[in-house]
Amino acid sequence: MAQPKVTHDLDDARAWIGAHWNPELSLAEWRGLLVDSGWGCPAWPREWFGRGLSQGEATAVGDELARAGAVGVATGVGMSLAAPTILAHGSDDLKRRLLRPLATGAHKWCQLFSEPGSGSDLASLSTRAERDGDEWVVNGQKVWNSGAQRAQWGLLLARTDLTVPKHQGITCFALAMDQPGLEVRPLRQMNGYASFNEVFLSDARVAGADMIGEPGAGWTVALTTLAHERSLAASIGAALRVLSGTGRAAREAADEAAEYWKTYEWYPQRAGRPELVAAELGRRAVADDPRLRQHAARVELITRTARWNAQRAQAARAAGRPPGPEGSIAKLLSSEIARTSARAHSAIAGADAMLTGPESAVDGVIAEILVSVPAQSIAGGTDEIQRNILGERVLGLPREPHPNTPAPLSHK
């Protein structure tokens, strides 16, 4: 009886790793070998540095890498957002030029979508791109751009046509960040961190060959990015990789990961730290208080529901299905977990929850939770937007009235 294809693929992957993994290679050398072999991104098409495997099979290959102590491909916005967007909509030329350095980590990426006046209503963006021969000239401002200060490329949405409805006048570009027309400024948050940036574009230039998709089709391209972003946003607080291998490649990968995830070091607090609720009940010896126990029970209930939804999403991806409504559900649940946890922490700690410093509640972590949690319901698409998506696209409810749609005639 023939063995399932995945068995042969895993045997091939295991044999290749055993023959090529050398922990004393530099990270760049190892990732170059890995990406060129197709085992670094096995779910990608064969012609684009992959093996054409399903997502479930690709996960199994990743397990083989981890079992050998081998380092995987790069992480971050490039792999999570730019790669699936380019694979789905980019030209062959773009895939040839951008995918390999993205996977090896040679190029870092950032996302240039939101604007000061276009957050939840992203399609109202006003950053302009005007054609100038074989290039486009870009002017405008972007905001909430994680990692923009060290990115070589940005995933940019810009308006290229003012004569059509707003969703039809947007184009997506891969923008080179190292040019005179860009200025990146950090934004200081109320929790003390400066994780985000604002980016000013003044006659910045982007090559016509760096357009992702067709002119005016940027909204369709952006939906691909946003579908992956919502899944990412729900789990990013737990995404810091623990590298168990030894040797030069592993050390360099650990340093790279630590530098990258500094941006997100406050994300566990943004997510509410639900795992601390029961611990604080015990530490403060108030677990017998029925009111506080109800707070803790509510946190546990929502956390388990979110975990089951995440397992459903993982099963869907393993079966080869693209991100679906599970991402919006996960995003809503993450917001509810954060708010419920913050209420529980406030009830348990009382006025101490507002104090910072070494003698405050959990060394100031509780206070940091309270000022960080509001961001959870905004970042990656607001709760209101997620409810619209689920109501309109999943439940089939009437679409929200559009400002450009004429009001219905009165029957009076």
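# Salt bridges, cavities and a surface patch

A: In this predicted model, arginine 283 and glutamate 280 form a salt bridge, with their closest N and O atoms 2.8 Å apart. A salt bridge here is a side-chain nitrogen of Lys or Arg within 4 Å of a carboxyl oxygen of Asp or Glu.

Q: How far apart are arginine 283 and glutamate 280 along helix H9?

A: They are three residues apart in helix H9 (residues 275–283), so about one helical turn separates them. Helices (H or I, at least four residues) and strands (E, at least two) are DSSP runs, numbered from the N terminus.

Q: Is glutamate 280 buried or exposed? And what about arginine 283?

A: Glutamate 280 counts as buried, at 7% relative accessibility, whereas arginine 283 counts as exposed, at 53%. Buried means under 20% relative accessible area, exposed over 50%, and partly exposed in between (1.4 Å probe, protein chains only).

Q: How many salt bridges does the structure hold?

A: The structure holds 25 salt bridges.

Q: What does glutamate 252 pair with?

A: The side chain of glutamate 252 meets that of arginine 248 in a salt bridge (2.8 Å, N to O). Both residues lie in helix H7, four residues apart, about one turn of the helix. Glutamate 252 is partly exposed at 29% relative accessible area, and arginine 248 is partly exposed at 36%.

Q: What about glutamate 256 and lysine 108: which parts do they tie together?

A: Their side chains meet in a salt bridge (3.9 Å, N to O). Glutamate 256 lies in helix H7 (residues 248–261) and lysine 108 in the loop between helix H5 (92–104) and strand S1 (109–112), so the pair ties together parts that are 148 residues apart in sequence. Lysine 108 counts as partly exposed, at 29% relative accessibility.

Q: Changing topic, how many cavities of 30 Å³ or more are there?

A: There are two cavities of 30 Å³ or more. On a 1 Å grid over the protein atoms alone, a cavity is a set of points where a 1.4 Å probe fits but cannot get out, and lining residues have an atom within 4 Å of a point. Grid points are joined across faces, edges and corners, and a volume is the space filled by probe spheres set on the points.

Q: What lines the second largest cavity?

A: Ala74, Thr75, Gly105, Lys108, Glu256 and Tyr260 line the second largest cavity, whose volume is about 40 Å³.

Q: Which residues form the nonpolar patch on the surface?

A: Val394, Leu395 and Leu397 form it, with about 300 Å² of accessible area together. Patch residues have over 30% relative accessible area and no salt bridge; nonpolar side chains (Val, Leu, Ile, Met, Phe, Trp, Tyr) are joined within 5 Å, like charges within 9 Å. Accessible areas come from the Shrake-Rupley method with a 1.4 Å probe, with only the protein chains shown counting as cover for residues.

Q: Where is valine 394 found?

A: Valine 394 is found in helix H13 (residues 383–394).

Q: What conventions apply?

A: Residues are numbered from 1 along each chain as its sequence is written, and side-chain values use heavy atoms, leaving out hydrogens and water. Local features need pLDDT of at least 70, side-chain atom pairs count only at pLDDT 80 or more, and totals for chains, interfaces and linings use all residues.

Definitions and conventions: On a 1 Å grid over the protein atoms alone, a cavity is a set of points where a 1.4 Å probe fits but cannot get out, and a pocket is an open set with protein on both sides within 12 Å along at least five of seven lines; lining residues have an atom within 4 Å of a point.
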